[in-house]
Amino acid sequence: MATAAPESHLRENPFRLAQQQLRKVADTFGIDDRLVEVLRQCKKAVEVSIPTTLDDGTVRAYSGYRVTHNIARGPSKGGIRYHPDVTLDEVKSLAMWMTWKCSLMGLPFGGAKGGVICNPKRMSPRELEGMTRRFTSEIINEIGPEKDIPAPDVGTNAQTMAWIFDTYSMNKGHSVLGVVTGKPLTIGGSLGREEATSRGATFCLESALRMQQRGVEGLRVAVQGFGNVGAYFAKLIAEAGATVVAISDSSGGIYNPNGIDVAAAFAHKRSGGSIPELKGGERITNEELIALDCDVFAPCALEQVVTEENADQVKAQVIVEGANGPLTPAADEILDAKGVLILPDVLANAGGVVVSYFEWVQGLQEYFWKEDEVNARLREIVTRAFDETWATYQDRNITMRMAAYGLAVQRVAEATVTRGLYP
Ligand code: NAD
């Protein structure tokens with residue numbers, strides 16, 4: 001009997017949404033239609049087949065993508081995702097958002113993204129290594145330190161980056177540190193990279209609260225997703241004095257109004273456990289987590305988790321988008337009308353790419369910085385971007401998302417005009 005394919009988390013075509021978002025930004029900020037015509041498409045999209053020998057001796061050909069959206073401001077930068085729901089259009093939308101994110105942060109990078117349709121949770125380390133090395137070989141002419149620099153995303157981690165780095169370096173005949181970021185510390189990773197996305201999100205939230213004459217102390221925070229972004233965000237925000245009332249992973253979550261022991265959750269997750277199995281809280285679903293009575297909701301898992309169907313159930317007054325694209329545009333409008341302050345993805349989760357930039361610079365110079373230095377420079381860049389976004393939000397009376405995207409798209413448009421259209 002045929003089994004039904006699992007339902008994708010994508011309810012709407014994400015690339016179409018990203019293009020619509022760009023249109024709205026262009027209308028609001030008066031960006032020339034000729035520029036929009038350039039920026040609404042991705043510069044290059046490569047699709048590859050990745051034949052991989054599985055542990056039982058069979059061969060499976062996975063499909064993989066690497067997409068560059070834009071390189072007007074520098075080489076392209078963006079993560080690689082391993083997930084069963086990956087589609088070319090999802091990768092394209094994520095690549096476009098990377099262009100805006102790098103631009104908003106003032107980094108000399110364009111945007112890219114990669115993905116492989118696979119379920120890494122059901123693959124052995126040997127299978128993952130084989131697939132990653134073959135994928136790297138298939139895209140070896142697309143990536144490189146001056147060209148396109150991958151990093152981890154959903155389903156990939158420092159080990160994945162180590163395999164990409166090694167495969168690329170073996171083919172070049174020497175170590176090429178700048179080819180990927182998010183590498184393990186032992187082979188040229190940067191101190192502070194692992195926590196960087198969440199640290200940046202924490203800086204943004206603290207800055208926003210400061211604007212409202214509030215602090216983190218005692219704030220009730222619900223975090224969806226307990227991977228790289230969610231787990232460290234929960235840890236850092238709890239250390240800053242907030243009460244983390246709920247956490248979750250793909251199998252569900254737990255709720256405790258008195259606070260969850262985040263350190264215990266870390267240890268439990270590291271030993272292979274799932275969040276709903278964790279003691280010290282009441283079991284909840286991811287849907288229930290979204291509707292919890294709390295002050296801050298941080299979606300740190302996948303796109304499109306808040307839609308027009310559940311947006312009016314959100315009770316938080318502040319949303320920190322740790323994930324990319326967690327709210328659909330319809331949800332965005334509903335939440336905005338309710339007066340919820342949304343710290344958009346390109347601002348809130350940009351800390352990862354900022355420290356990836358530091359890692360790339362350190363790798364090119366073969367000179368490594370102290371952790372305090374990394375964190376201080378991260379704070380400087382994220383806080384500056386926050387202040388610029390906040391000022392635009394106030395001056396123009398638009399949403400924080402529109403302000404962030406507006407600043408970012410204008411800079412890319414300016415670089416495109418300055419360079420001129422080739423030929
Ligand atoms: P990850 O693979 O480390 O973790 C993802 C987490 O989300 C896991 O805990 C998983 O169980 C959970 N999850 C998956 N599906 C879920 C669902 N339907 N409901 C609830 N939880 C679910 O990935 P990550 O690197 O933490 O990335 C998470 C998000 O943050 C993505 O949107 C990614 O693009 C974005 N992001 C990541 C980085 C980075 O540096 N890793 C930087 C910027 C943005």
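Select aspartate 153 together with the ligand: a polar side-chain atom of this residue lies 2.6 Å from an oxygen atom of the ligand, a polar contact in the sense of a pair of N or O atoms within 3.5 Å, where within protein one must be able to donate a hydrogen and the other to accept it, and residues adjacent in sequence count only if both atoms are side-chain atoms. This is a predicted model, in which local features need pLDDT of at least 70 and side-chain atom pairs count only at pLDDT 80 or more, while totals for chains, interfaces and linings use all residues. Residues are numbered from 1 along each chain as its sequence is written, and side-chain values use heavy atoms, with hydrogens and water left out.

Next, select threonine 52, found in strand S1 (residues 44-53); helices (H or I, at least four residues) and strands (E, at least two) are DSSP runs, numbered from the N terminus. Threonine 52 counts as buried because its relative accessibility is 3%, where buried means under 20% relative accessible area, exposed over 50%, and partly exposed in between (1.4 Å probe, protein chains only). Its side chain reaches the backbone oxygen of isoleucine 50 at 3.0 Å. Leaving aside neighbours within four places in sequence, threonine 52 is in contact (heavy atoms within 4.5 Å) with Thr58, Val59, Arg60, Tyr62, Glu127, Gly130 and Met131.

Move on to threonine 392 in helix H13 (residues 371-396), which at 12% relative accessibility counts as buried. Not counting residues up to four places away in sequence, threonine 392 touches Phe29, Asn397, Ile398, Ala403 and Leu407.

Isoleucine 187, in the loop between helix H5 (158-172) and helix H6 (193-211), counts as partly exposed at 28% relative accessibility. With residues up to four places away in sequence not counted, isoleucine 187 touches Ala162, Phe165 and Leu177.

On a 1 Å grid over the protein atoms alone, a cavity is a set of points where a 1.4 Å probe fits but cannot get out, and a pocket is an open set with protein on both sides within 12 Å along at least five of seven lines; lining residues have an atom within 4 Å of a point. The largest cavity holds about 120 Å³ of space. Of its 15 lining residues, Gln21, Trp97, Gly325, Leu327 and Pro329 are the closest to its centre. Helix H1 (14-29), helix H10 (329-337) and H14 each give two or more residues to this lining, and the largest share, 3 residues, comes from H1.

Finally, select the second largest pocket, with a volume of about 350 Å³. Among its 13 lining residues, Val38, Asn70, Ile71, Thr416 and Leu421 are the closest to its centre, and strand S2 (59-70) and helix H14 (400-419) are the elements that give two or more residues to the lining.

Conventions: Points joined across faces, edges and corners; volume = space filled by probe spheres on them.
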